[in-house]
Amino acid sequence: MPDTALEAVIGLEIHVQLSTRTKMFCGCELSFGDDPNVHTCPICLAHPGVLPVPNEEAIRYALKIGMALGCEIAPRSIFHRKNYFYPDNPKAYQISQYDIPICGAGKLGDIRITRAHLEEDAAKSIHLGDSGRIHGSGASLVDFNRGGTPLVEIVTEPDLRGAAEAAEWARLLRETVRQLGVSDVNMEEGSLRVDANVSVRPAGSTELGTKTELKNMNSFRFLQRGIEAELERQRELLGAGGTVEQETLHFDPASGELTSLRSKEEAHDYRYFPEPDLVAIAPTEALLAEARDSLPELPAARTARYEAELGLDEAQARLLAGDPEQAGYFEAVVAAVGEGAEPRVVANWVTGELTAALRASEDAERPEPGVLADLIGAVASKQVSHAGGKQVLAILVADRDADVAEVVEREGLAQMGGDDGELAGIVAAAIAGDPAAAEQIRSGNGKAIGAIVGAVMRETGGRADGGEVNRLIREQLGL
Amino acid sequence: MAVDAAGRGPPRIVPVIDREQVLHVARLSRLRLDDDEVETMAGELSGILEHVDRIRGLDLEGVEPTSHVVHLENVLRADVPWQSMPPAVALAAAPEPFDGAFRVPSPQADAD
């Protein structure tokens with residue numbers, strides 16, 4: 001039986017492929033989907049006697065990532081050789097960073113970042129036995145186009161306490177890196193790759209259990225499901241009195257199975273040593289200032305500002321902050337509305353009604369912020385009902401020149417007030433038309449009011465204010 | 001490790017690389033060594049460590065660790081693409097090219 005009292009302890013290792021024009025240590029162009037081996041040279045194929053030279057833009061991008069994650073930037077960092085034999089690695093070592101990475105400790109949200117370092121990507125290999133083209137041939141085909149692509153590897157502390165939390169945080173990280181403009185962060189194409197270190201321990205314990213490493217899950221959904229499957233496996237194993245072995249696992253989303261990849265003991269004997277072909281990186285003041293000045297307001301900061309200054313709830317703030325373009329529009333509408341409506345109400349219109357209206361037609365466009373502000377103000381001041389406002393919005397997204405007051409007038413959507421008795425008369429007629437519902441409301445069935453409200457709304461074409469209609473029904477029924 | 005005022009540790013035992021360690025590193029390096037070669041390697045590697053151990057005996061108080069003998073920093077390159085090699089040239093030295101790719105023995109087979 002799985003021991004559910006065991007707490008999940010999860011850390012992530014994220015590889016971000018940088019969207020520079022050229023590779024990390026040579027001028028071969030980056031590409032995706034080209035013919036094999038059209039972007040290679042003596043450096044990225046590891047011919048004898050060549051010298052790697054780091055790409056300055058990749059250093060800039062790494063600094064931006066480090067600053068966005070609140071990392072300490074190393075005044076001087078060096079590259080190391082990570083030695084291992086594999087056909088996707090022609091030098092038999094990967095140039096990476098070891099004890100002095102370019103970005104040290106930082107934090108994103110509540111999760112501590114251990115480090116973020118620069119390295120080069122491996123080539124892509126296709127195992128022929130798997131592809132079926134030459135069945136069982138026991139050979140692999142290697143394409144070095146990807147070999148040498150700049151990567152930033154981000155490592156977190158084991159601060160995550162569940163599969164859903166891990167996936168949620170990984171989404172925040174992706175959005176943050178995406179807004180920096182330094183990577184495509186596309187999990188399916190492999191420009192964002194997430195590995196998870198997973199272990200469990202008795203709740204309240206501060207010691208770490210034996211961890212396993214889940215490799216290369218290519219969507220957030222699979223990341224979450226893979227971690228869930230591994231937590232379940234470990235809890236079951238420990239619940240039955242067994243022990244967890246340190247190993248690398250592959251999660252197959254189709255079958256839900258976890259399979260062991262290779263022996264950890266050998267795989268981790270990398271014999272790191274300083275790369276003698278490269279000198280140290282010591283970011284100049286100019287380089288640091290340039291990276292710092294280019295940082296946009298990032299999702300975590302924007303979410304916090306919307307909560308604190310605009311009074312949005314967290315979910316709404318996060319939704320807006322995840323899309324800087326939409327967030328910019330939202331802020332423009334808030335500014336235009338002024339005292340006319342709460343920012344919270346504007347957020348509802350922008351993420352709710354407007355999004356739905358834009359989805360309704362391919363040609364639909366956002367109205368000017370001032371125009372949407374006029375509409376929200378008209379609804380807030382009860383000149384137009386909420387339902388009527390949605391009808392106006394449908395016209396605004398189809399016609400960029402439309403004016404709110406003019407549309408309201410033309411479509412006869414001005415809200416019916418209670419003063420002239422017109423609405424009260426329609427309410428009275430609706431009550432008279434459905435005596436059964438009226439009786440139910442009188443005897444305490446509050447839900448029955450919906451039938452009469454619906455009848456009033458039909459009769460008024462949505463021009464009546466729902467709250468006012470409710471009030472009138474209750475008043476006329478003597479409640 | 002306890003260190004005295006001059007930065008020296010306790011007297012060190014000369015490290016010896018034994019047979020097992022040679023075989024382990026040979027395996028990591030994909031080298032096949034015969035018995036004589038294992039003996040030779042054990043001796044030569046131990047000699048290198050002895051030399052490092054002599055350096056440890058020096059007074060290194062206030063000396064920064066060295067990662068490189070060249071006193072240069074930030075030797076960088078602008079992010080400008082150059083002309084890559086034609087694939088035929090890239091593959092010229094490959095013993096078994098296939099469909100524009102390098103064909104190699106399966107790494108899975110190697111792991112067994």
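**Domains, pockets and cavities in a predicted model**

Mentor: In this predicted model, the C-alpha centres of domain 2 and domain 3 of chain A are 29 Å apart. The contact between them takes five residues from domain 2 of chain A and five residues from domain 3 of chain A.

Trainee: What makes that a contact?

Mentor: Contact here means heavy atoms within 4.5 Å, and five residues of domain 2 of chain A and five of domain 3 of chain A take part in it.

Trainee: Where do the domains of chain A run?

Mentor: Domain 1 covers 6-292, domain 2 covers 299-411 and domain 3 covers 422-476.

Trainee: Why is the second largest pocket said to lie between domain 1 and domain 2 of chain A?

Mentor: Because domain 1 (6-292) and domain 2 (299-411) of chain A both give residues to its lining. The volume of the second largest pocket is about 570 Å³. It is lined by 20 residues, and those closest to its centre are Glu168(A), Trp169(A), Leu172(A), Glu314(A) and Arg318(A).

Trainee: Which helices of chain A each supply at least two residues of the lining of the second largest pocket?

Mentor: Helix 3 (163-180), helix 7 (299-310) and helix 8 (314-321) do. The largest share comes from helix 3 of chain A, with seven residues.

Trainee: How do the residues of the lining of the second largest pocket divide?

Mentor: Nine are charged, eight nonpolar and three polar.

Trainee: What makes a space a cavity rather than a pocket?

Mentor: In a cavity a 1.4 Å probe fits but cannot get out, whereas a pocket is an open set of points. By this rule the count comes to two cavities of 30 Å³ or more.

Trainee: Which residues are the closest to the centre of the largest cavity?

Mentor: Of its 14 lining residues, they are Asn89(A), Pro90(A), Lys91(A), Glu120(A) and Asp121(A). The largest cavity has a volume of about 100 Å³, and its lining divides into six nonpolar, four polar and four charged residues.

Trainee: What lines the second largest cavity?

Mentor: Residues from chain A and chain B: Arg76(A), Ile78(A), Phe79(A), Pro274(A), Glu275(A), Leu278(A), Val279(A), Ala280(A), Ser67(B) and His68(B). By class, six are nonpolar, two polar and two charged. The volume of the second largest cavity is about 40 Å³, and that is over the 30 Å³ needed to be counted.

Trainee: Why is Arg56(B) called partly exposed?

Mentor: Its relative accessible area is 48%. Buried means under 20% and exposed over 50%, with partly exposed in between, so Arg56(B) at 48% is partly exposed. Arg56(B) belongs to helix 2 (residues 35-56) of chain B. From the C-alpha atom of Arg56(B) to that of Glu39(B), 17 residues apart along the chain, the separation is 26 Å.

Trainee: How many of the residues in chain B are buried, as a percentage?

Mentor: Buried residues are 19% of its 112 residues, each with a relative accessible area under 20%. Chain B exposes about 8500 Å², and carbon and sulfur atoms supply 59% of that area.

Trainee: What elements does chain B have, and in which order do they run?

Mentor: Chain B has four helices and two strands, running α-α-α-β-β-α from the N terminus on.

Trainee: What share of the contacts in chain B between residues at least 6 apart in sequence join residues at least 24 apart?

Mentor: The share is 42%.

Definitions and conventions. Residues numbered from 1 in each chain as written. Chains lettered and ligands numbered in written order. Predicted model: local features only at pLDDT ≥ 70, side-chain atom pairs only at ≥ 80, totals over all residues. Heavy atoms only, no water. 1 Å grid on protein atoms, 1.4 Å probe; cavity = no way out; pocket = protein on both sides within 12 Å on 5 of 7 lines; lining within 4 Å. Points joined across faces, edges and corners; volume = space filled by probe spheres on them. Nonpolar A, V, L, I, M, F, W, Y, C, P; charged D, E, K, R; others polar. Domains from an automatic or database assignment. Buried < 20%, exposed > 50% of the residue type's maximum accessible area, 1.4 Å probe, protein only. Areas by Shrake-Rupley, 256 points an atom, 1.4 Å probe, with all protein chains shown as cover.
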